[in-house]
Amino acid sequence: MTVSELPLDRLSIHQATLMQCDFRESIECFARHGVHQTAIWRDKLEQIGLDEAVQVLQGNDMKVNALCPGGLVTAVDDKSFNAALDMNRRWIDQSAALGADSLVIITGGLPDGETNLTVAHDRALEGLSRLIDPARAAGIRLALEPLHPMVCGGRSVISTVADALDMLDDLGADDVFGLAIDSYAVWWDLTLPYQLARAGSRLLHFHTSDWLRDTKDVRFDRGMPGDGVTDNRQIRGWMEQAGFAGPVEIEIFSERDWWQRPPDEVVETILERREAWL
Ligand code: ZN
């Protein structure tokens with residue numbers, strides 16, 4: 001399968017890739033390199049506030065693919081569970097105000113003291129089902145993102161695309177729910193091509209970075225595409241065969257390396273890697 005080079009207008013860079021920048025600096029950096037799509041991170045949004053954020057985005061002609069991350073609805077006690085639902089309703093409204101297509105959803109991991117994975121999974125299913133109506137009313141898609149099984153305990157009880165699709169089947173609201181596929185989280189899955197074909201029109205987002213062969217940290221040592229073992233272009237090809245035509249969203253959490261570098265160097269490197277690796 002030959003996959004064509006990614007055009008610049010299908011490149012998106014998540015704000016979290018430039019953790020060294022504040023909200024405005026990251027958006028301005030993307031724009032001056034001709035990148036006009038991004039995903040907004042909640043912590044950066046909190047720093048600047050919604051009104052000013054919208055101004056900065058409009059001033060830089062920036063399209064927002066998604067707000068990240070929402071969900072985190074596995075709490076077992078009702079007070080925490082209801083508080084999490086309230087927060088998600090707020091994030092759905094913020095997503096709409098930002099002009100985002102989606103709120104990216106991670107389920108959350110096992111709550112403190114809980115060792116029953118099924119309990120946490122069922123709680124997540126219940127929580128996500130309660131978000132269908134507010135998301136539908138706001139016109140915001142909820143993009144469920146499976147995460148790597150090494151973070152199942154703390155971040156996501158959904159680790160594979162297959163399990164995510166089963167959850168979407170249970171939710172039964174494909175006009176609201178879909179998938180965010182992050183190559184870093186699912187590259188190791190030998191059934192991935194089959195699962196992406198099964199997902200079809202439920203594929204909403206494609207996040208990329210690279211898995212470094214000798215990673216030092218499963219969350220914060222993501223590599224630049226081309227530096228590790230992930231064939232992002234192959235995965236994009238499978239996504240496109242299944243009907244996906246959206247952007248490739250670069251999402252690199254890199255405490256040791258890329259977050260330490262000048263932001264222009266990071267974006268220039270991404271643009272170079274686009275030719276062979278995205
Ligand atoms: Zn992601």
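The secondary structure of the chain comprises eleven helices and eight strands, where helices (H or I, at least four residues) and strands (E, at least two) are DSSP runs numbered from the N terminus. The radius of gyration, taken over C-alpha atoms, is 18 Å, close to the 19 Å given by the globule rule for 278 residues, so the chain is as compact as a globular protein of that length; the rule is 2.2 Å times the number of residues to the power 0.38. Along the principal axes, the C-alpha atoms fill a box of roughly 45 × 45 × 35 Å. The model is predicted: local features need pLDDT of at least 70 and side-chain atom pairs count only at pLDDT 80 or more, whereas totals for chains, interfaces and linings use all residues. Residues are numbered from 1 along each chain as its sequence is written, and side-chain values use heavy atoms, with hydrogens and water left out.

Of the 278 residues in the chain, 56% are buried (buried means under 20% relative accessible area, exposed over 50%, partly exposed in between; 1.4 Å probe, protein chains only). Among contacts (heavy atoms within 4.5 Å) between residues at least 6 apart in sequence, 80% join residues at least 24 apart.

The zinc ion has as protein donors Glu-145 (OE), Asp-182 (OD), His-207 (ND1) and Glu-251 (OE), at 2.1 to 2.2 Å. Donors are N, O and S atoms within 2.8 Å of the metal (3.2 Å for Na, K and Ca); water is not among the atoms, so sites may look incomplete. Along the chain, the donors of the zinc ion follow the spacing E-x36-D-x24-H-x43-E. Asp-182 belongs to strand β6 (residues 177-182) and His-207 to strand β7, so this pair ties together parts that are 25 residues apart in sequence. The angles subtended by the four donor atoms run from 74 to 156°, which makes the arrangement irregular. Four donors count as tetrahedral if all angles lie between 85 and 135 degrees; four count as square planar and six as octahedral if opposite donors are over 155 degrees apart and all others between 65 and 115; anything else is irregular. Asp-182 is buried, at 0% relative accessibility, and His-207 is buried with a relative accessible area of 0%.

Strand β7 (residues 203-208) also contains His-205, which is buried at 3% relative accessibility. The side chains of His-205 and Ser-102 are joined by a polar contact of 2.7 Å. A polar contact is a pair of N or O atoms within 3.5 Å; within protein, one must be able to donate a hydrogen and the other to accept it, and residues adjacent in sequence count only if both atoms are side-chain atoms. Not counting residues up to four places away in sequence, the residues that His-205 touches include Asn-65, Ala-143, Ile-181, Phe-244 and Glu-249.

Helix α7 (residues 161-171) has among its buried residues Val-161, Leu-165, Leu-168 and Leu-171. The buried residues of α7 pack against α5 (117-129), α6 (132-138), β5 (141-144), β6, α8 (183-186) and α9 (192-199). Gly-172, with a positive phi near 60°, follows α7.

Helix α11 (residues 263-277) has 15 residues and reaches 20 Å from its first C-alpha to its last, close to the 21 Å expected at 1.5 Å a residue; the expected span is 1.5 Å times one less than the number of residues. Buried residues of α11 include Val-266, Ile-270, Leu-271 and Arg-274, and their cover includes β1 (11-13), α1 (23-32), α10 (232-241) and β8 (248-250).
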